[in-house]
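Here is a friendly walk through one protein model, strand by strand and helix by helix. Please keep the view open as you read.

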Amino acid sequence: MNILDKIIQRKAEEVSISKSKTSVQELKDSEFFERKTFSLKENIKSKIGIIAEFKRQSPSKGIINDKVSPLEVVSAYESFGASGISILTDKDFFGGNFEDILSVRNAINIPILRKDFMIDEYQFYEAKSIGADVVLLIAACLSPQQVQEFTELSHELGLEVLLEIHTEEELQHFNQKIDLVGINNRNLKDFKVDLQHSVNLKNQLPNDVLSVAESGIYNIEDFNFLKEKGFDGFLMGEYFMKHENPGKKFEEFLSI
């Protein structure tokens, strides 16, 4: 199995355990379930377009930064003008958890993307219950039919959808209800980065679709290249998180 297959297998086990512990009704009764969500689409249009990520580790890089708190980091991201915040909630492979979102939800007023591997309807109720505004749908682990069904459910719950693709075949997963399309510069199966490949995919999307460049943005040159090629948003985590003070690094990046 490649790493994505392993993650999905483990995710199915996690969801099964979560369902046995907490019912959907209990999720609906949670503090944040009825809150009005923030729009990442609108924030990308009106701000710099960077979705700044809090990420402790990854399968390809190992530990990136496990010394800083989510609140410390995302508060700084917001204060320096991030359009949104991405927070990993996968525990086994990325070192995340629900508390990382719960601990910051009341402290910031910009959208939070729950970044995880969404494979079951239950996870969307979870996302709403912990205060997320946006969910990630990864085409590589879903069928086009699942993407459509999960998008409709997300919208019923007031959540926006960021669809992530990496291959030309995955363009088939797009439908007109999708809010944003993320193009992963890094292949999830071998972790190689190819910015031009992402540009080629973006050019095959409808012109009115908001596009987000994801992963593998290592410097201002990468950022400027993708911006010049027409990307609207930029999901960046490792570039900031590998520094002792990610918020400060984000501020410095904006001043370059």
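Strand β6 covers residues 134–138, and two bridges join it to β5 in a parallel run. Pairing of two strands here requires that DSSP finds at least two bridges between them. Helices (H or I, at least four residues) and strands (E, at least two) are DSSP runs, numbered from the N terminus.

This is a predicted model, in which local features need pLDDT of at least 70 and side-chain atom pairs count only at pLDDT 80 or more, while totals for chains, interfaces and linings use all residues. Residues are numbered from 1 along each chain as its sequence is written, and side-chain values use heavy atoms, with hydrogens and water left out.

Buried means under 20% relative accessible area, exposed over 50%, and partly exposed in between (1.4 Å probe, protein chains only). Together with α6 and β6, β5 makes a right-handed β-α-β unit. A crossover counts as right-handed if, with the strands pointing away from the viewer, the path from the first strand over the helix to the second runs clockwise.

β5 also pairs with β4 (residues 84–88), in the parallel sense and over four bridges; Leu88 has Lys115 of β5 as its bridge partner. In β4, five of five residues are buried: Gly84, Ser86 and Leu88 point one way, and Ile85 and Ile87 the other. Four bridges also link β4 to β1 (residues 50–54), again in the parallel sense, and Glu53 has Ser86 of β4 as its bridge partner.

## Helix α1

Helix α1 (residues 3–21) has 19 residues and reaches 27 Å from its first C-alpha to its last, close to the 27 Å expected at 1.5 Å a residue. That expected span is 1.5 Å times one less than the number of residues. Leu4, Ile7, Ile8, Lys11, Glu14 and Val15 are buried in α1. They cover an arc of only 125° around the axis, which puts them on the same side of α1; the arc is that of the directions from the helix axis to the C-beta atoms.

What covers these buried residues includes α6 (121–129). At the start of α1, a side-chain oxygen of Asn2 comes to within 3.0 Å of the backbone nitrogen of Leu4.

## Helix α9

Which residues of α9 (residues 220–228) are buried? They are Ile220, Asp222, Phe223 and Leu226. Seen down the axis of α9, these fall within an arc of 160°, so they line one face of the helix. On the other side, Glu221 and Glu228 are exposed. The buried residues pack against β1, α8, β9 (210–214), β10 (233–236) and α11 (246–255).

Asn219 caps the N-terminal end of α9, with a side-chain oxygen 3.1 Å from the backbone nitrogen of Glu221. After α9 comes Gly230, whose phi is positive, near 100°.

## Arg186 in its loop

Arg186 sits in the loop between β8 (180–184) and α8 (195–202). Is Arg186 buried or exposed? Arg186 is buried, with a relative accessible area of 8%.

The side chains of Arg186 and Tyr218 are joined by a polar contact of 2.9 Å. A polar contact is a pair of N or O atoms within 3.5 Å; within protein, one must be able to donate a hydrogen and the other to accept it, and residues adjacent in sequence count only if both atoms are side-chain atoms. Leaving aside neighbours within four places in sequence, the contacts of Arg186 (heavy atoms within 4.5 Å) include Lys61, His166, Phe191, Glu214 and Glu238.
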